[in-house]
Amino acid sequence: MSRKFQLFLAAIAVLCAVPAQAAPVAVELRAERAELTTSDDVYVRFTVRNLGRRAQDLLLWNTPFGADIDSDLFVVTRDGAPVAYLGALAKRGAPAAEDFARLPPGRSVSGRVELTSLYDMSQPGSYEISYRGAVRDLVPSETGLAMMPSNTVRIDVTGDARPSDAEFMKAMAEQAAVASLSYTRCTATQQTGVAEAVGAASAYADEARIVLAGGATGPRFMTWFKSASNLSAAANNFFKIDEAFDTKPVVVDCGCKKQYYAYVYPNQPYKIYVCRAFWTAPVRGTDSRGGTLIHEMSHFDVVANTDDIAYGQAACKNLTAAQAINNADTHEYYAENTPVQAN
């Protein structure tokens, strides 16, 4: 173990004994807007200033400056009562060199932090937000480890209450599943986008279910499912997809920062993780948000148990009948029906 890391661990041990005024680094919060509605995303500006005479090594885990925010960095209250933290809590090993950022003396670093996806701010009220003071210098200063508590900012939120992520998850644990749509780590804006996509997916699934139940095996069906022998299976798959959107507790998680569209755990219905490509896709049409949700819903074991045999329209058109009925993108493209083909 390096001498530098030993000092870091020793600093953690004396954390509570260090007076806050000894901090060589200051944290300041500033609300972008002091008055908002429940349909707005809440942003604060997070600034760290080095007030000391030497460089400070900031542990990025405890700042909003890393790749993802996956720890409870702020104290957020509504009308004096703590609100639930909705983000991730990560278990990590020892910090590596890349987990620190050096802040030269006299310099500052600032970032914009969106809080709606991290804390339950779904209800109107008076919110107070402060930083927990967890930014740490790697090496203790002369007076001990520096804690960096921030100022407190106040934001007044008005409007109608939104569905609460925290209350939904609690209800899910206490009662049998019912038809619903809820969100995890989604901003207010993202929730609106997801709701539009779910509406499109539900409409796609309903239309496909009706067409297939009618026995249609025209150009649209043959392009994607290849053989009339797949009619019964395709009809059953879309019946279950439609049923899932209409009757199951669908949860959409917006926290993924990866480049692909979305992902699920097939044995964990009905939670869908949407990623970066999802947000740039159209609501309807080829490779749309609505179609993406059809794709992902088909993956669940209790729905259609599809696989990812091929991606893209060209590749899907070249599948065999046996492959097509088990392919998620095939179900998506059939539902999207773009360009339009006769049933």
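Modeller: Start with two helices. H3 and H10 pack at about 90 degrees, and their axes are 9 Å apart. Keep in mind that this is a predicted model.

Biologist: What makes H3 roughly perpendicular to H10?

Modeller: The angle is about 90 degrees. Angles from 65 to 115 count as roughly perpendicular. H3 therefore counts as roughly perpendicular to H10.

Biologist: Which residues in H3 and H10 meet?

Modeller: Tyr 204, Ala 208, Val 211 and Leu 212 come from H3. Tyr 334, Ala 335 and Glu 336 come from H10. By type, this contact has 6 nonpolar residues, no polar and 1 charged. Tyr counts as nonpolar here and Glu as charged.

Biologist: How do you know how H5 and H10 are oriented to each other?

Modeller: H5 and H10 pack at about 80 degrees, with axes 12 Å apart. The range for roughly perpendicular is 65 to 115. H5 and H10 are therefore roughly perpendicular to each other. On the H5 side, Asn 237, Phe 238 and Ile 241 make the contact. On the H10 side, His 331, Tyr 334 and Ala 335 do. The contact of H5 with H10 has 4 nonpolar residues, 2 polar and no charged.

Biologist: Why is H10 called mostly covered?

Modeller: Count its residues: 9 of 9 in H10 are buried. Buried means under 20% relative accessible area. The buried residues of H10 include Asp 329, Glu 332 and Glu 336. Their cover includes H3, H4, H5, H7, H8 and H9. After H10 comes Asn 337, with a positive phi near 50 degrees.

Biologist: What about Ser 288: why does it count as buried?

Modeller: Its relative accessibility is 0%. The cut-off for buried is under 20%, so Ser 288 counts as buried. Ser 288 is in the loop between helix H6 and helix H7. Leaving out residues up to four places away in sequence, Ser 288 touches Tyr 204, Ala 281, Pro 282, Val 283, Glu 332 and Glu 336.

Biologist: Why is Gly 255 called buried?

Modeller: Its relative accessible area is 15%. That value falls under the 20% limit, so Gly 255 is buried. Gly 255 lies in the loop between strand E12 and strand E13. Beyond its neighbours within four places in sequence, Gly 255 is in contact with Thr 184 and Arg 185. Gly 255 and Arg 185 are 70 residues apart in sequence, but their C-alpha atoms are 5.4 Å apart in space.

Biologist: And what makes Phe 239 partly exposed?

Modeller: Phe 239 has 43% relative accessibility. Phe 239 is in helix H5. Its C-alpha atom is 8.9 Å from that of Val 303, 64 residues away along the chain.

Biologist: Now the rings. How many aromatic pairs are there in the whole structure?

Modeller: A search finds 17. One of them is Tyr 85 with Tyr 119, at 5.3 Å centre to centre and 55 degrees between the planes.

Biologist: Why is the pair of Tyr 85 and Tyr 119 called tilted?

Modeller: Pairing needs centres within 6.5 Å, and these lie 5.3 Å apart. Planes under 30 degrees apart count as stacked, over 60 as edge-to-face, the rest as tilted. The angle here is 55 degrees, hence tilted.

Biologist: What parts does the pair of Trp 224 and Tyr 333 tie together?

Modeller: Trp 224 and Tyr 333 are 5.4 Å centre to centre, with 35 degrees between the planes, so tilted under the rule. Trp 224 lies in helix H4 and Tyr 333 in helix H10, so the pair ties together parts 109 residues apart in sequence. Both residues, Trp 224 and Tyr 333, are buried.

Biologist: How do you know that Arg 220 sits over the ring of Tyr 334?

Modeller: The charged end of Arg 220 is 4.1 Å from the ring centre of Tyr 334. The distance limit is 6 Å, with a further limit of 35 degrees from the ring normal. Arg 112 likewise lies over the face of Tyr 43, at 3.6 Å from the ring centre.

Technical notes. Residues are numbered from 1 along each chain as its sequence is written. This is a predicted model: local features need pLDDT of at least 70, side-chain atom pairs count only at pLDDT 80 or more; totals for chains, interfaces and linings use all residues. Side-chain values use heavy atoms; hydrogens and water are left out. Helices (H or I, at least four residues) and strands (E, at least two) are DSSP runs, numbered from the N terminus. Buried means under 20% relative accessible area, exposed over 50%, partly exposed in between (1.4 Å probe, protein chains only). Contact means heavy atoms within 4.5 Å. Rings of Phe, Tyr and Trp (its six-membered ring) pair if their centres lie within 6.5 Å; planes under 30 degrees apart count as stacked, over 60 as edge-to-face and the rest as tilted. Axes are lines fitted to C-alpha atoms, for helices over the stretch in contact, and angles run from 0 to 180 degrees between N-to-C directions. Angles under 35 degrees count as roughly parallel, over 145 as roughly antiparallel, 65 to 115 as roughly perpendicular and the rest as oblique.
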